[in-house]
Amino acid sequence: MAKVIAVANRKGGVGKTTTAICLAFFLGRRGKKVLLLDLDPQNALWAALCHSGEKGSGASGALELVRGEASARDIVQTTRLLNVDLIPFGNPESVTHQDESLFAMPRKRAAFVRVVASLSKKYDYVIVDSPPGASALVEFALLLSDSVVIPLQCQPLALRIMPRILRDIKELIVSANPRLTVEGVLLTMYDFWQPISHEIADQVWSYFPKKSTFRAVIRKSPAFERIFDSEDNPLLQEELDEELLDYDVIADLVVSREESSAESRKQP
Ligand SMILES: Nc1ncnc2c1ncn2[C@@H]1O[C@H](COP(=O)(O)OP(=O)(O)O)[C@@H](O)[C@H]1O
Ligand SMILES: [Mg+2]
């Protein structure tokens, strides 16, 4: 049974989708079977990882599943990344406001959870990307998951939103998903040349409990911007840009945490 990890933060542009893709990629490179689930109506994962340049509005995904237009079998797509499959959000051109409310309906949610549980038997990890804001989709992503990675962009604003992030997670754990743990707050777009980046890291690392942060950062680099480029994806190049490997360190931490918690579950 796969471990389900959401990538979430109410703020947009902090590196959620980049984190979902890179974490999936490096887990896959380690031989882990990964299923990416895109719960962001922008459907960016399909465009980046499956689309080969020709015009097209997208394959069926989570949206068509909750609408009852597609079955579990139809929605899993292979990607260009080794060992990584994808459930796209679905055809973004057909999304309406009502669609989002489908993800809030208990009956639809329960059916979706069953589909993910059954698919997850074939995978080691399910990584769930979520949209910004506080929508039914974000709530559902966290409800589905065992843990959450919270990307935090290295900017002064990060310090102001820290208390809210912690409060949101605590509320969710109490109200909706007692199983949810914080996999880690992850500092993204870290600039070694900017003293503010070091200050933010110090403050974030002292604010959150040690087990809830990754004591490793993701550097700011143009290499990450090309991850959304379906023609020139740097993850598909033979020699990886050094900065991309920052996510390999995070993948390593995720796997070793999982292995040590499996080990402690085995002990009498
Ligand atoms: N480590 C990084 N260094 C430089 N640019 C980054 C980095 N991570 C993400 N980006 C860029 O920042 C923008 C927002 O990233 P994205 O992953 O889409 O954030 P979110 O999903 O939270 O909205 C994108 O243009 C992406 O290419
Ligand atoms: Mg995103």
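**Figure 1. Shell around ligand 1 in a predicted model.** By class, the shell around ligand 1 holds 5 nonpolar, 7 polar and 3 charged residues (Ala, Val, Leu, Ile, Met, Phe, Trp, Tyr, Cys and Pro count as nonpolar, Asp, Glu, Lys and Arg as charged, and the others, Gly among them, as polar). Of these 15 residues, Lys16, Thr17, Thr18, Phe224 and Glu225 come nearest (a residue is near if its C-beta atom, placed from the backbone, lies within 6 Å of the molecule). Two or more residues each come from α1 and α10 (222–225); helices are DSSP runs of H or I with at least four residues, strands runs of E with at least two, numbered from the N terminus. The largest share, 3 residues, comes from α1.

This is a predicted model, in which local features need pLDDT of at least 70 and side-chain atom pairs count only at pLDDT 80 or more, while totals for chains, interfaces and linings use all residues. Residues are numbered from 1 along each chain as its sequence is written, with chains lettered from A and ligands numbered from 1 in the order written.

**Figure 2. Buried face of α11.** In α11, Asp246, Tyr247, Ile250, Ala251 and Val254 are buried (20 or more other C-beta atoms within 10 Å of the residue's own; exposed, 12 or fewer; partly exposed in between; C-beta atoms placed from the backbone). Seen down the axis of α11, the buried residues fall within an arc of 150° and so line one face, the arc being that of the directions from the helix axis to the C-beta atoms. The cover over them includes α1 (16–29) and β7 (181–188).

**Figure 3. Contacts of Leu23.** Leu23 touches Ile127, Tyr247, Ile250 and Ala251, leaving out residues up to four places away in sequence (contact: C-beta atoms, placed from the backbone, within 7 Å).

Definitions and conventions
Contact = placed C-beta atoms within 7 Å.
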